[in-house]
Amino acid sequence: MSITYLEAIREAQAKALADDPRVFIYGQDVGAFGGAFKATKNLAKEFPGRVLDAPISEDAIVGAAIGAAINGMRPIIEMQFADFSTPGFNQIVNQAATLYWRTQVPCPITIRLPSGGTSGAGPFHSQSMESLYAHYPGLIVMTPATVEDAYSMLLEAVAIDDPVIFCEHKRLYYHLKAPALPTEAMPVGKARIHRPGRDLTIVAYSAMLHDALAAAEELAGEGAEIEVVDLRTIKPMDTDTIMASVARTGRLLCVGESFPWGGVTAEVVARVATEGFALLDAPPQRLNAKDTPIPYHPKLWLGHRPTAESVCAAARHLLQM
Amino acid sequence: MVLSRVLDDKMAGLYRAGKIHGGVFLGRGQEALSVSVGLALREGDVFAPLIRDGAGRLAFGEPVLDAVRTFLGSALGPMRGRDGNVHRGRPGEGLLAMISHLGAMISVVNGALLAHRFQNLKGLVGAACIGDGGTSTGAFHEGLNQAAVERLPLVLVVANNQYAYSTPTRRQFACDDLADKAAGYGLSARRADGTDLEDCLRVIAAAVADARAGGGPQMVVARLLRLCGHGEHDDAHYIDPQLKQSPLGRDCLAVAEERLLREGWADAEAIRALRQKAAREVDKAVATVQREPAPDPYKENWCALASRHLSEMFENPALSTHS
Amino acid sequence: MKQLPIIMPQLGESIAEATIVSFLVKPGDFAAADQDVIEVETNKAAMNVASPCGGTVISITAKIGESYPVGAVLGYVQLSPQEALRLGLDAQESAPPPSPANGAGRVEADARPGVQPMVRGLPVPAHAAGASYMSPRMKARMHELGLHAADLAGLPGSGAAGRVTIQDFEKFLAHLESSKLTSASSMRVAVADAMRRSWTRPLATVALPCPLEAMLAHRKMSEPKIGPALYALRSLALALAENSAPAGRLIGNKIVHPPSIDVGFAVEAEEGVLVPVLRDVDVHPLQTLVGRYNELIELARQRRLPPEATGGSIATVTNFGTFGLTWATPIPLPEQTLVLGLGAGRKVPSWDDKKNQFVPVTEANLTLSFDHRVLDGGAAGRLLARVVSLLQTPEKL
């Protein structure tokens with residue numbers, strides 16, 4: 001018995017629909033079709049009237065979710081690709097994110113974004129948007145990297161009274177498997193140390209976690225013990241765990257799949273440099289994709305983004321400093 | 001309407017006296033249309049007023065104090081200083097607080113109506129107001145389309161006051177009449193004379209009744225002229241004087257008063273008394289609010305999340321104004 | 001055939017240019033690698049410029065009597081084939097590299113491969129490379145443990161350019177834990193700190209042998225007995241009263257002259273050294289100082305020196321001869337420029353011109369250790385000579 005990352009997401013939605021009559025799912029092709037990635041397969045049949053097909057109107061999709069949330073519902077929106085959330089950006093950052101602050105009425109919506117690159121997907125089906133949304137006050141941004149987290153964090157996202165941007169990584173959908181669904185979960189907002197180490201800390205999130213772990217394996221063969229921290233949630237970010245890890249190792253490498261200007265890796269480095277300067281034995285390092293739109297061709301694509309090899313190289317470089 | 005006009009005039013006066021921070025946006029000329037919407041709605045309905053819907057808000061039940069407090073930045077207002085002027089509302093009571101991006105509120109009303117449907121609440125409608133300029137936005141299109149596809153009881157009231165800021169309608173849309181757009185969404189629109197209170201009341205009431213009865217989304221397009229600047233900072237010198245002279249340029253308040261007098265439903269004295277009563281109410285509200293405290297950044301809970309345990313503190317604790 | 005330029009080298013810290021004095025070779029001569037080919041002069045000294053490689057001198061473009069900045073091209077040497085092979089260059093390259101218009105800056109076509117930095121990207125700043133660089137973490141740990149860079153001297157670093165990493169440091173500490181450790185007294189730590197701070201200056205020492213007969217004879221007759229250091233102390237005070245500049249302090253570009261001739265003297269006291277101070281020594285004759293001097297020694301030994309008896313001295317006298325030492329280079333206190341040392345007296349043969357033979361004399365080395373920023377060897381020597389001469393007439397002290 002094994003369950004994929006995508007199946008875990010479906011199971012979580014099924015449970016949410018079953019447990020809470022206020023939950024409904026809204027998005028393009030999510031109904032009878034079961035969603036572009038089959039994340040809502042059979043849910044329309046199991047829960048008639050609660051899985052609605054939307055027109056191609058991301059602005060109106062998010063707006064409607066907000067209106068429903070104001071009136072007591074707990075909608076889950078599926079954006080077909082994270083890249084397509086931009087037509088709905090205004091509603092997300094200006095309406096949903098400001099509603100509670102302005103009016104004291106909470107906005108308990110969950111927006112699922114199939115994020116990240118897969119080979120051949122090209123510039124508009126590969127983006128990682130977490131940094132843009134994390135920038136705006138009033139949003140929670142989750143980036144689960146494991147099957148278990150995909151399940152438990154989605155359930156928690158629905159339960160949270162604030163807008164949650166749930167960044168699922170497409171590369172993990174069908175290939176990441178776990179033996180079973182979890183029975184307990186780490187609280188949202190806590191990072192997990194996937195691999196304890198001593199010589200260097202790699203902070204990663206989403207699919208990059210697995211590249212970081214592969215790099216750590218390889219470097220273990222060279223005698224370096226790398227500690228790998230999975231952020232799990234970008235906002236709020238578990239600075240304490242990061243700081244404690246850097247306190248142990250003195251060296252920080254932050255890895256992210258998004259573009260290099262600003263973003264999660266810059267935020268991590270800024271926090272460690274500001275609050276943990278005296279913990280650093282070497283300058284903190286970042287590794288991101290290139291400052292270029294995401295290319296289509298698989299060879300270009302592999303050169304554009306961090307890989308286990310480039311993470312290894314960056315770590316080796318940092319170890320030598 | 002009178003109350004709304006008196007309130008608007010007072011806010012304009014305070015603005016010119018430098019007592020209001022930020023912009024002041026009035027609904028002069030639009031009172032007839034706006035008040036008709038507010039009067040047709042009842043408790044449980046959802047209302048998304050826009051910039052010039054002061055009259056509609058009052059008719060819907062918004063206290064005068066809410067408007068005055070929000071304009072004057074009182075910590076006791078519904079927005080508590082966190083947002084200002086016309087961006088006010090009480091979403092928990094069905095009165096949505098607009099954001100500046102035009103058209104964005106339509107889909108929010110749709111969502112509220114979806115919630116009613118899920119919750120099996122029948123006989124309720126949602127009303128969204130928008131101007132001629134707002135009909136050009138993508139959000140308008142998406143919202144109207146969504147309401148039509150879902151057959152929601154949305155009443156969309158378009159106040160074509162001929163200008164969006166300084167932009168005349170010939171630079172805003174190419175069709176002859178905004179009502180023509182309705183066909184594109186599978187609807188037919190009603191037309192109303194925005195200067196005539198009776199016409200507005202009749203048309204709006206019919207539209208709301210249709211929606212309440214399950215007739216799907218309704219669109220009303222009213223024609224009038226904006227009788228003020230886009231905001232009080234704008235002198236509106238670009239408004240075509242011919243429009244001002246035309247029947248379109250009539251002040252709906254004057255038209256209504258004249259009608260009352262002609263029909264014998266009220267005499268000049270009564271009308272004057274109404275104005276004075278309104279003035280007293282507004283003055284009292286202003287006097288009260290002027291004594292109220294402004295928000296204090298040091299006492300402010302700078303938390304944008306309902307889930308406080310998930311909020312982060314970014315500032316240097318030594319310099320922070322965080323409580 | 002490849003030609004290499006003869007470049008004006010970096011001749012010393014803060015030297016920006018040098019003047020051509022003479023040519024040691026002429027065009028057509030063969031010069032070996034590093035052979036001196038041009039003589040130049042700076043405001044400090046005369047130096048030589050060497051050939052960049054073995055080969056034939058093609059041209060000397062510099063002119064005698066002219067000044068050229070560091071990095072300027074002074075001439076060209078053509079590589080011999082053997083040299084080209086040795087240096088791994090293609091000797092067939094024809095055109096000489098263009099010389100910059102005013103000679104400033106190094107020419108890029110350098111034969112030797114450049115030093116490859118270990119850290120890619122921006123070069124590591126000069127102060128941040130090598131053993132002297134301490135990361136923020138290192139600094140925080142050092143601060144936590146009350147350590148200074150001096151405590152880490154000799155600690156090998158495994159980091160970039162040999163810097164000590166936090167791992168090296170923690171290993172070092174762990175290693176210490178396994179060695180025998182005793183507590184250093186607070187006196188020891190205080191002295192360590194003072195010596196470390198003093199050492200931040202460039203210190204030098206000069207010495208003169210001092211005939212002791214006159215002083216010893218005077219001392220024999222004194223009652224109570226006058227300590228040898230006191231003789232030296234009073235002589236030093238008189239010499240400084242004549243010219244106080246050598247005891248001044250250099251702050252920026254000003255010499256701060258001492259306000260009064262207060263001189264301290266070193267007293268060994270249990271794990272450390274105390275320095276009681278006699279005030280206005282130039283004003284008080286030797287006899288009047290004896291009582292106070294002895295009293296201060298006693299108080300120092302008992303660690304009961306009153307505050308007004310310490311601090312504020314402009315120089316210190318130390319009698320290392322009491323340890324049997326004939327020669328030493330004491331370190332002046334951090335706030336002082338001078339320390340006068342007195343070595344052990346002994347009988348040595350001295351050439352007597354009149355008798356034309358060696359005769360026994362009793363003498364001791366007098367040393368003067370000083371902050372070389374304030375005075376040079378000459379001034380130090382003159383001061384020391386004056387002290388020695390004053391010591392020959394102890395009755396006048």
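Into which domains is chain A divided?

## Domains of chain A

Chain A of this predicted model has two parts: domain 1 covers 3-178 and domain 2 covers 192-319. Their C-alpha centres are 26 Å apart.

Contacts between the two involve 30 residues of domain 1 and 24 residues of domain 2. The area buried between these domains of chain A is about 2,100 Å², with 55% of that coming from carbon and sulfur atoms. On the domain 1 side, A:T143, A:A145 and A:R171 lose the most area to domain 2, together 21% of what that side buries. Three salt bridges are found across the interface of the two domains.

A salt bridge also joins the side chains of A:D149 and A:R192, at 3.0 Å from N to O.

## A buried glutamate

A:E58 belongs to helix α3 of chain A, which spans residues 58-70. A:E58 is buried but takes part in no salt bridge. The nearest side chain of opposite charge is that of A:K170, 13 Å away.

Neighbours within four places in sequence aside, A:E58 is in contact with A:Q28, A:M79, A:F84, A:P87 and A:G88, and also with B:E142 of chain B.

## A sheet in chain C

In chain C, four strands make an open, antiparallel sheet in the order β1-β8-β6-β3. The edges are β1 (3-7) and β3 (30-31); each has a single partner strand, so one side of each has no neighbour in the sheet.

The partner of β3(C) is β6 (residues 55-60), and two antiparallel bridges link them. C:F30 has C:T56 as its bridge partner in β6(C).

Notes. Residues are numbered from 1 along each chain as its sequence is written. Chains are lettered from A and ligands numbered from 1 in the order in which they are written. This is a predicted model: local features need pLDDT of at least 70, side-chain atom pairs count only at pLDDT 80 or more; totals for chains, interfaces and linings use all residues. Side-chain values use heavy atoms; hydrogens and water are left out. Two strands pair if DSSP finds at least two bridges between them. Buried means under 20% relative accessible area, exposed over 50%, partly exposed in between (1.4 Å probe, protein chains only). Lys and Arg count as positive and Asp and Glu as negative; His and the chain ends are not counted. A salt bridge is a side-chain nitrogen of Lys or Arg within 4 Å of a carboxyl oxygen of Asp or Glu. Contact means heavy atoms within 4.5 Å. Domain bounds come from an automatic or database domain assignment. Buried area is the accessible area (1.4 Å probe) that two parts lose on being put together, summed over both.
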